[in-house]
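Open your viewer and get the side chains ready to display. This tour goes through charged pairs, one selection at a time.

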Amino acid sequence: MINDLWYKNAVIYCLSVRTFMDADGDGIGDFAGLERRLDYLQGLGVTAVWLMPFQPSPKRDGGYDIADYYGVDPDYGSLGDFVAFTHAAKQRGLRVLIDLVVNHTSDRHRWFQSARADPDSPYRDWYVWSTEKPANADEGMVFPGVQETTWTWDDKAGAYYFHRFFDFQPDLNTANPAVQAEILKIMGFWIELGVSGFRMDAVPFVIAKKGADVKGAPVEQFDMLRDFREFLQWRKGDAIILAEANILPKQDLDYFGDDADRAHMMFNFQVNQATFYALAAHDARPLVKAIERTKPRPLSCQWGIFLRNHDELDLGRLTETQRATVFEKFGPEKGMQLYDRGIRRRFAPMLDGDPRRIRLAYSLMFTLPGTPVLRYGDEIGMGDDLGLKERDCARTPMQWTGEAQGGFTRSAKPAMPVIDHGPYGYAHVNVADQRHDKDSLLTWFSSVIRMRKEAPEIGWGDVTALPTGKAAVLALRYDWRSNAVLCVHNLGPGPVEVELETGIDPSEGGLLIDLLTGERSEADEAGRHCLFLEGYGYHWFRVGGLDALLRRTPT
């Protein structure tokens, strides 16, 4: 595959250094521990590792309140440890992506401390100030019910400062050329230390105009994204920006750029939310609509496809009726919900740990148009601890073994509690047990990841939804370089039989071979396939059979 488009057929694995593996026994994960687990990640089959923030931070918001963009928090090691990790990852063919959190800083960052202390500070204009409280100060909170305002008075500065997020995270004035230059400097610094790209946090807020005089709908400065990309292309041609932008489909091309000159990738929140509704209602039709609405994009751009991540499952793009259905099925109790808009649970407990439903859902995720993004612990079906506050419930340490603290640390007091009881406790859910069980979820994940990499049509190809005659059955055909893959999923609990046409000339599409099982389906004289799917069943077919498989163009 063309090297600078590696992300088109990648498998990305997101983790927090803090909760992945502790090497020195202090109860906190670190880069030395993560380096020890790179062979595990390589064996799982992932191709890129995305790290949540690890820079020095007061950690009042999971590290997203950064106090120094050019360092490693001492809890996790040193810059030398980071470089050793990126070097070891490169040796194993793994790329490293890191979070780029530049919409705001910690209020303890030296820039903000200087800005608030002196009106003449060179950093004063790096933040957004107002001598009077703006009329819209009580609007636009990211965390409603937790935040009370987006403007807070600072006695030392003698002014209000703007913060789209928590009051300890003052927004940077990203329209300031000096701030933009600093962002490029930050990116360049980490690129030189072995990073292959950035998951850019809260992109719509980064590029929005900010200030007390800003009223009405947000005004985005898309040239900023172009500048970021041009810098990356200059410094490292295959480095990417994966944008977190929960936007409507009509804005997709604004973020990708008509000429593919802005973000390389974006998370597909539309498809994500429609997927959860499809799983809850056993109805694929809204998911097909979401796929079609988000289909237009430049050929070199890509969607990031995910089920769960480190935040709550945001359901804000669904209708009230659809949202109520998802809440009822996956988060019926108030303690499972967050900000009245989403669900804070891990994925496996949302589906009651049912192996059939979990495998169906991840098979679906791996075959939706885009690049799959996994969350650490997905591959073993980790659970959550609803006793922890807000989003921390789904950020518990990785469960490696059935030994004390799940093998995460030798310390009796880990910084984040390990799940040690119930059906999702480390005694029952851990890597060590599953890697020796041929029927385990971990073994299944390894197999599916390998097969996903062998079906580049899904990442590169043009997608078409085929009619199935069944609301619960989704059939997606991918075409690329005269090859085709057909992925069929039954979202319902009962067995079904469907008749469908591949849409390809019978002489080419008359035989289907399941990439996962080797099963075959031959078309009838009319070119139709009669497929049987068990409840929550799925198939990944190579269209055209063995001949198509053998002549498939190498990537």
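This is a predicted model: local features need pLDDT of at least 70, side-chain atom pairs count only at pLDDT 80 or more; totals for chains, interfaces and linings use all residues.

Start with aspartate 352 and arginine 357. Their side chains form a salt bridge, 3.9 Å from N to O. Aspartate 352 has 61% relative accessibility, so this residue counts as exposed. Arginine 357 is buried, at 18%.

Next, select Arg18, Lys59, Asp73 and Asp75. Salt bridges with shared partners link these residues into one network.

Move to arginine 235 and glutamate 192. Here the closest N and O atoms of the salt bridge are 3.3 Å apart. Color helix H8 (residues 223–235), which holds arginine 235, and helix H6 (residues 177–192), which holds glutamate 192; the pair therefore ties together parts 43 residues apart in sequence. Arginine 235 is partly exposed, with a relative accessible area of 31%. Glutamate 192 is exposed, at 55%.

Now pick arginine 199 and glutamate 244. Their salt bridge spans 3.2 Å, N to O. Arginine 199 sits in strand E7 (residues 197–200), and glutamate 244 in the loop between strand E8 (240–243) and helix H9 (252–256), so this pair ties together parts 45 residues apart in sequence. Are these two side chains buried or exposed? Arginine 199 is buried, at 1% relative accessible area. Glutamate 244 is buried too, at 15%.

Finally, zoom out. How many salt bridges does a search of the whole structure find? The search finds 27.

Technical notes. Residues are numbered from 1 along each chain as its sequence is written. Side-chain values use heavy atoms; hydrogens and water are left out. A salt bridge is a side-chain nitrogen of Lys or Arg within 4 Å of a carboxyl oxygen of Asp or Glu. Helices (H or I, at least four residues) and strands (E, at least two) are DSSP runs, numbered from the N terminus. Buried means under 20% relative accessible area, exposed over 50%, partly exposed in between (1.4 Å probe, protein chains only).
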